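Dear colleague,

Please find below the structure that I am handing over to you, followed by an account of what was found in it. I would ask you to keep the structure open while you read.

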Amino acid sequence: MPILVIDGRSVTVPPGTTILEAARSAGIEIPTLCFLEGLGGGTSCMLCVVKVSGVRDLVPACAAKVADGMEVLTSDPQIHQARRTALELLLSDHVGDCMAPCQLACPAHMVIPAMIRAIAQADLAGAIRVVKSTIAMPAVASRLCNAPCQKACRRGRLDEPVAICLLKRLVAELDLHAPSPFAPTPEAPRSARVAVVGAGPAGLACAYYLAWAGISVTVFDDRSEPGGTLRDVGEKFLPRGLLDAEIRTILDTGLQMQMGIRVGKDIPLRTLRSQFNAVVLAIGATAGQQASQLGLSAGADGLSVDSQTYQTDLPGVFAAGDAVRPRRMVSRALAEGRAIAHCVRQYVQGMPIQGIRMPFNSHIGQVDRGVLDQMILLASKDRQVRPVEEQVGFSLAEGRQEAARCLHCDCRKAQSCGLRRLADLYQARQSRFKGSRRAFALVLDHPDLIYEPGKCISCGICVRLTRLYQERYGLTFIGRGFQMGLGVPFGKGLAEGIERCAAHCVRACPTGALAWR
Amino acid sequence: MAHLDLTAVEQIVRRIGTGQDRLLELLHALQDHFGYLPCEALQRLSEITGISPADIWGVATFYDRFRHSPAGRHTIHVCVGTACHVKGAELVHEAFRRYLKIPEGQDTDQQMRFTVMKVACLGCCTLAPAVQIDGITYGHLTGESVGQVLEDFLQRQASRQADIQARPAKKDRMAAQIRIGLGSCCQARGSAGLYSALKEVLSERGLDAEVKTVGCVGMCHQTPLLELIIGDKSYLYARVRPEDLDQIIGRHIQSPRPLRALVVAAKRSLDQLIAGPLEQHNHAILLEPRDRPVQEFLGNQIRIVTECSGQIDPLDLGQYIEAGGFAGLRRCLDGLSAEYVIEQIRISGLRGRGGAGFPTYAKWAAVRAQQTQPKYVICNGDEGDPGAFMDRMLMESYPFRIIEGMTIAAWCVGAREGFFYIRAEYPLALQRIQKAIQICTEGGYLGRSIMGTDFSLDLRIIPGAGAFVCGEETAMIASIEGRRGHPRFRPPFPAEHGLWGRPTLINNVETFATVPWILRNGGSALAAIGTQTSKGTKVFALAGKVARGGLIEVPMGIKIRQIVEQIGGGCAEGRPFKAVQVGGPSGGSISAELDHLGIDYETLNEAGAMMGSGGLVVLDEGDCMVDMARYFLQFTQNQSCGKCAFCRIGTRRMLEILDAICQGQGKEQDLDELWNLAQMVQKASLCGLGKTAPKPVLTSLRYFRSEYIAHLQGRCPAGRCRALIRYMITDKCNGCTLCAQHCPAEAIGWTPYQQHAIDQTRCIKCGTCKAVCPCNAVRVE
């Protein structure tokens, strides 16, 4: 049996094994998109390139067979560069969005399309989980938010945007009125203790997500009731009962509340620092004036912090919300509360503080009317639903009707896409190579599948699968070179091309090109 | 749409066979029948043959030659090969489209008369720019002359139509064809009127003969060449003057009636290539080199592969044998050992002539060492590089030599079956090899019990269908097997795992053609020629801006300067020699400053170029190196099979950067990005096409970076890049109005007797004004 050396480790495998398989057997992962267990590699994506001693060029590990005495290097700066370039080339011709424009526009980056689809299916538990994963006080937010998501909504270019804010309100209020509103199951309790100063939207959101992460949180505020400036909003815009109910869901995560205490006056920051693993200052727009009192530096707008990590110049002291930059936007404050919770959590766990890192996101960019006309094919053609009772908002039936208008701009395989995962890992930039790319298209002539040619990376896995499963027509590459595409012979529809192995194709397709409807 | 009669599909399958390795032939036959590949016919083909729909559809859409929509009645193939490109093929292509009013995005005119297509290379490089209309080649076109060409073509059609009515049998109609070489050297010798004179002679005599213009076959400096083809015989005259025509024509074609008799009679006699001072009475055939240029041209050449050049008839087996043909094979069969023969090949130092230069003996030994049977041999005749036509010439002129080399190889390695893979753009080569195989089989040199021994070998031709990548050996194997021409990773090499997974020897046409000589003269005789690492000779197609273009066979190690200046006679148009492009799209442009370099595999590689299959295109100061890089990349990008990401998308992105630079929209960082991307594509592409595609870009960045920088600043020093130049009329203008009359864009006002002016907003930069101006008053800035 050949013995070879991979990244300095001696590996013994049977003759005929590829370098990729040999590396895997030794626990060394080589990235690939066109390899499928049982079918082998396609030497198409070329992400599996490695160096083999004595060979001048880079070698695709999915096709190169091992040889006795071979020395393989699976990673170095040049290999990394090659893989990144390969990804950037694939991405330069990848016409699809990972995340929908509404999600990108949302200050909290709520997975709006997932919420909408849950509503459409009357899955309220699913919907509130999606909402609460990013927005701690959605009922409050839907009353006060100016809905940038709806401005970004592509449907708005056809008729009117999906009424996202009303849908969120529906989900949030139905939850608040439910016998047992959504309560996150905290992760395993941690020994860490964190003090959150300020019970406004940013402070409460921060406390909520810290508690969800299993961290014990004490909230300090100089007011008598939690809510901060939200208490100053008029009843007409934000009914008091609603505010109280929603704050209750936050306090129910097990927060220690220390109301009527002003940090810096009643209790020095120093003391908090000594009693807690970390301190979060969410003390609102007056923070600038309090800075010297707290022993912190301040700029024109508020406390000075690191823009990525929200750390002040005192170790373990974080600041966020209007305390840093007055924005007077509750959604942003809520979003920042969650972001800071993330940083604090990383800090108390001794991890590098990175905050919430946005995953890689492929962009279509501006779309024209032709694209929209295709996207609407699977959506309700109706105009925006107007709630019968404007004050009350949507009924569930109305909400479901409205939810059906969503164009599903986000990728159906955003969570399982191999291309996205690797683009993230290798920090590929989609914008590196600009140039012509395929047109956006949706192929909908299969009852269960959606094929998006713009997302295909020509890995050939589905072509090989349809051959393996002896499809009558199957799939084949059509044309050549940059124009090469995937298709069913003789111009037949996808339904005739894939009669037997749709599930295999969807599972194996490394991108969102082939997906369930 | 009218119902399609599919009975032809059955007939075609019955004639050709049902195997998947017949797929290319089947598709060619279907296209010949229907004019394109109708979907219904392909479906029927799948039903009858059992070849999967995916394979048929995938293959039918892979190759350039296959059409999927009806074409016009006539097809105009505009050659965009290297030599044609540098001489303005793009303008000719546009002119045809403009003349025929073909809408954007389509290739056929509204009346469905003409389909205009670009073709990678017609191999008529000395006729550049050239086009082929339904098999009739026209050379030296300008944007201005397309109208005349079409008129001429239609006239021919009309007379042919009449012909068909009179004599419907196709063969009779084609009874006489007269081919005239119209290389640039012809014109230099003041005989441009030959073509019209010939037509005059023919009409005077009331003769029905097709007059065809063709490229020369290596004796471009001795042209005009005139070839008469009567039936399947051909007669070649050199240095023909108009006044000789009457005599020549009279000798072969008396009148329409006796012509038939002559054809019948000629069938028994042998084709004759009249290319020597044999026929004393005719001035036209004096070929004895007397002048210095001829001596220079020939004196630097050594004839091994082109041995007996101009002396033997391509399809005369007797003449070939008389000249020593099949003596090598006989020696093998008479008792040499395969090991001995392979050792001789090793001693000879012969390396693959397809371009990469892998030692030939090593391939042979590797296939021989394989224990499994069957084994195969393949002759790679898919010469796809634009600007190269050596293999075409060898196949047309020396088919027996190639067959002998291949047979020796098959015997050595233990193969019983072999394939010629020949590109469809070479109909004459296909025809000659086919015929030669038949003659050899009948003569006992192929087939069962070759030369009375127990050795057998069957050879078959696979016609390519227009895919450069199929010259890559693993892609070629896929293509022969009836699959899309996608290459695969090597190793395993074909020697171990080739056709149908069997040990397979693949050599280039020229490599095989060298073998018989080695067998007759011994390996050391070849090794005595050439350099330390590169032995023997190499055939080059010398074209471009050189005075004496043609096909040459030179010893390895010959200096670039010797080729350009002595053999080629320097640059034709008097502009300074700037660079020589070696190896086509896989090679690079070597600056004139390096003309002291000797041509061998290593030297060319070190200079950033590559031997390639042997195209040598000479460039002068009028050629833009950025444009050349863009041209080659456009070719490879278009020919990329699409399998691997680096080549499929990487070459495209490189091309887009170059396009921007040529448009004057390049940015400084583009040069670094271009360099980095080119390096990556070279290092990480799957096959040779992708690995070598960046070479033209990298060499031009290396030797001509200043030209790139000039483009970034909005200047094209050579005046080629259309976005960066403008046409101006100087005060030399005498107001003749010719330019105004001919301008297709109506950009020049009609101002008789006054200096004309060009409206820059309307000018499409087609160059017509410059071409028609009698007083050289049009300047390019």
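To begin with a pair of helices, H5 (residues 124–132) and H8 (residues 164–177) of chain A pack with their axes 10 Å apart and at an angle of about 105 degrees. Angles of 65 to 115 degrees count as roughly perpendicular, so H5(A) is roughly perpendicular to H8(A). Please bear in mind that the model is predicted.

Which residues bring H5(A) and H8(A) together? From H5(A) come Leu124(A), Ala127(A), Ile128(A) and Val131(A), and they meet Lys168(A), Val171(A), Ala172(A), Leu174(A) and Asp175(A) of H8(A). Sorted by class, this contact comprises seven nonpolar and two charged residues, with no polar ones.

Leaving aside residues up to four places away in sequence, Met115(A) touches Met110(A), Ala127(A), Val130(A), Val131(A), Leu167(A), Lys168(A) and Val171(A). The largest nonpolar core has 369 residues, and Met115(A), Cys206(A) and Val280(A) touch the most other members. Helix H13 of chain A (residues 330–348) gives the most to this core, namely eleven residues. Another core, of twelve residues, lies apart from it; Tyr727(B), Cys733(B), Cys769(B) and Cys773(B) are among its members. As background, nonpolar side chains tend to be buried together in soluble globular proteins.

The two chains may now be described in turn. Chain A has 19 helices and 14 strands, and 51% of its 517 residues are buried. Its C-alpha atoms fill a box of roughly 75 × 60 × 40 Å, taken along the principal axes. Chain B has 33 helices and 19 strands, and buried residues make up 53% of its 781 residues.

Where the chains meet, 36 residues of chain A and 34 residues of chain B take part in the contact. On the side of chain B that touches chain A, the elements giving two or more residues are helices H3 (39–49), H4 (53–60), H26 (625–639), H27 (645–662) and H28 (668–684). Of these, H27(B) gives the most, with eight residues. By class, this side of chain B has 16 nonpolar, nine polar and nine charged residues.

Helix H18 (residues 390–397) and helix H20 (residues 427–442) of chain B pack at an angle of about 35 degrees, with their axes 8 Å apart, and H18(B) passes H20(B) in a left-handed crossing. Here Arg392(B), Met395(B) and Glu396(B) of H18(B) meet Leu428(B), Ala429(B), Arg432(B) and Ile433(B) of H20(B). This contact has four nonpolar, no polar and three charged residues.

Finally, some details of the backbone deserve attention. Most residues other than glycine have a negative phi, and most peptide bonds are trans. A cis peptide bond, with omega about -5 degrees, joins Gln373(B) and Pro374(B); Pro374(B) is in the loop between helix H17 (360–369) and strand S9 (376–381) of chain B. A cis peptide bond also joins Arg490(B) and Pro491(B), with omega about -5 degrees.

His408(A), which is not a glycine, has a positive phi near 55 degrees. Is His408(A) buried, partly exposed or exposed? It counts as partly exposed because it has 16 C-beta neighbours inside 10 Å, whereas a buried residue needs 20 or more.

Yours sincerely

Methods: Residues are numbered from 1 along each chain as its sequence is written. Chains are lettered from A and ligands numbered from 1 in the order in which they are written. This is a predicted model: local features need pLDDT of at least 70, side-chain atom pairs count only at pLDDT 80 or more; totals for chains, interfaces and linings use all residues. A nonpolar core is a set of buried Ala, Val, Leu, Ile, Met, Phe, Trp, Tyr and Cys residues joined through C-beta atoms within 7 Å. Helices (H or I, at least four residues) and strands (E, at least two) are DSSP runs, numbered from the N terminus. Two residues are in contact if their C-beta atoms, placed from the backbone, lie within 7 Å. Ala, Val, Leu, Ile, Met, Phe, Trp, Tyr, Cys and Pro count as nonpolar, Asp, Glu, Lys and Arg as charged, and the others, Gly among them, as polar. Axes are lines fitted to C-alpha atoms, for helices over the stretch in contact, and angles run from 0 to 180 degrees between N-to-C directions. Angles under 35 degrees count as roughly parallel, over 145 as roughly antiparallel, 65 to 115 as roughly perpendicular and the rest as oblique. A crossing is left-handed if the near helix is turned anticlockwise from the far one by less than a right angle, and right-handed if clockwise.
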